[in-house]
Amino acid sequence: MTDLSQPVAAKTWSLAEVEALYALPFNDLLFQAQTVHRQTFDPNAVQLSTLLSIKTGGCSEDCGYCSQSARHDTGLEREKLLDVPAVVAAAKAAKEAGATRFCMGAAWRGPKDKDLGAVAEMVREVKALGMETCVTLGMLKPGQAEQLKDAGLDYYNHNLDTAAEFYGQVITTHTHNDRLDTLAQVRDAGIHVCCGGIIGMGESRRIRAGLVMELANLNPQPESVPINRLVKVPGTPMAQGEDLDPFEFVRTVAVARITMPASHVRLSAGRQELGEAVQALCFLAGANSVFCGDRLLTTRNPEADADSALFSKLGLHGEPVQGRRCAG
Ligand code: SAM
Ligand code: DTB
Ligand code: SF4
């Protein structure tokens, strides 16, 4: 079994190799992914995170998929930064519902120094509940990652979202290189990296393979890899596109699992729309993390009862903190 405390030996993936995985017959791809998965993880354990939007709407950025951009008319009410007690109450409820990690998201291009102190306080208090902490605040300036680390931050979520060559068709207010720069600051501060992307934005399979290749070639690889399926939010430029074939989503999970064998691969946005059968295929393909709780940031997620029923039907269980297979 892989020792997760040791850095994973870096293999550089070429686009052709990743595309070749995508092109495998479906059963061969899933078999390979499940085989890789079992070398590192308990195949029936799923890590549970809960999200909270601590600052909703009014974002300066123009991300074409996002309900929270001030440039799209999505009808979302802009809210101020939540206060610390409200965040702690939500974290306690998430812990009681079985989540081991609490992820706090803000609709910012990046945090202002005056807001970062308040977020650091949230991190401190959530950590004191015995939960893992994660924040996603946009681009960081030098020194900010260290401040979050000092507060006890375990993970920083910052997605590459799509392959470099497609990035400019999705977002124009910041660049793919800006994202890499923040990821490097997070890594240098000793915070675990949560980095993934969105599929279903009208990109080709080659672009999807490019995204997975870039994620897999981060060195070290991200500890956590959220795979989001585009949620079509009315009023965003991406609301009108064609739906992604669900098997292509499952293939993406499998290719992520094979190329990032020691990472937690998370079924993230859009899980509600997948249905039970496609989610089951995703778990077979090596997904081993989900967001639990009936809301993501601004969109819906499966209800706790629906998740309990699915986990029970599939014999899945929540994973304890650390993600190691229990001895014996
Ligand atoms: N503002 C910060 C940032 O952009 O990094 C943090 C919050 S942002 C909402 C976090 C991630 O949510 C995005 O990078 C994207 O992957 C995902 N996301 C946002 N809207 C989505 C949608 N409609 N469908 C799927 N994923 C979405
Ligand atoms: C991630 O990759 N997905 C989460 C989390 N990181 C912050 C966010 C999903 C947001 C989906 C759209 C919404 O609810 O607004
Ligand atoms: Fe802002 Fe993040 Fe939404 Fe982009 S994805 S508009 S940066 S909240």
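**View 1. Strand S7 is largely enclosed by the rest of the structure.** In this predicted model, S7 covers residues 224–229. Six of its six residues are buried, so the rest of the structure largely encloses the strand. Buried here means under 20% relative accessible area. In a regular strand, side chains alternate between the two faces of the sheet. Which residues of S7 point one way, and which the other way? Ser224, Pro226 and Asn228 point one way. Val225, Ile227 and Arg229 point the other way. Both sets are buried.

**View 2. Strand S6 runs parallel to S7.** S6 spans residues 197–199. Three bridges join S6 to S7. Ile198 has Asn228 of S7 as its bridge partner. Between the two strands, the chain passes through helix H8, residues 205–216. This β-α-β crossover is right-handed.

**View 3. Strand S8 also pairs with S7 in the parallel sense.** S8 is made of residues 264–267. Four bridges link S7 and S8. How do the residues line up?

**View 4. Ligand 3 takes up the space of the largest cavity.** Which residues are around ligand 3? They are Cys59, Glu61, Cys63, Tyr65, Cys66, Ser69, Ala107 and Trp108. Six residues of this shell are nonpolar, one is polar and one is charged.

Conventions
Residues numbered from 1 in each chain as written. Chains lettered and ligands numbered in written order. Predicted model: local features only at pLDDT ≥ 70, side-chain atom pairs only at ≥ 80, totals over all residues. Heavy atoms only, no water. Buried < 20%, exposed > 50% of the residue type's maximum accessible area, 1.4 Å probe, protein only. Pairing = 2+ DSSP bridges. Right-handed = clockwise from strand over helix to strand, strands pointing away. Near = heavy atom within 4 Å. 1 Å grid on protein atoms, 1.4 Å probe; cavity = no way out; pocket = protein on both sides within 12 Å on 5 of 7 lines; lining within 4 Å. Sits in = over half its atoms within 2 Å of the grid points. Nonpolar A, V, L, I, M, F, W, Y, C, P; charged D, E, K, R; others polar.
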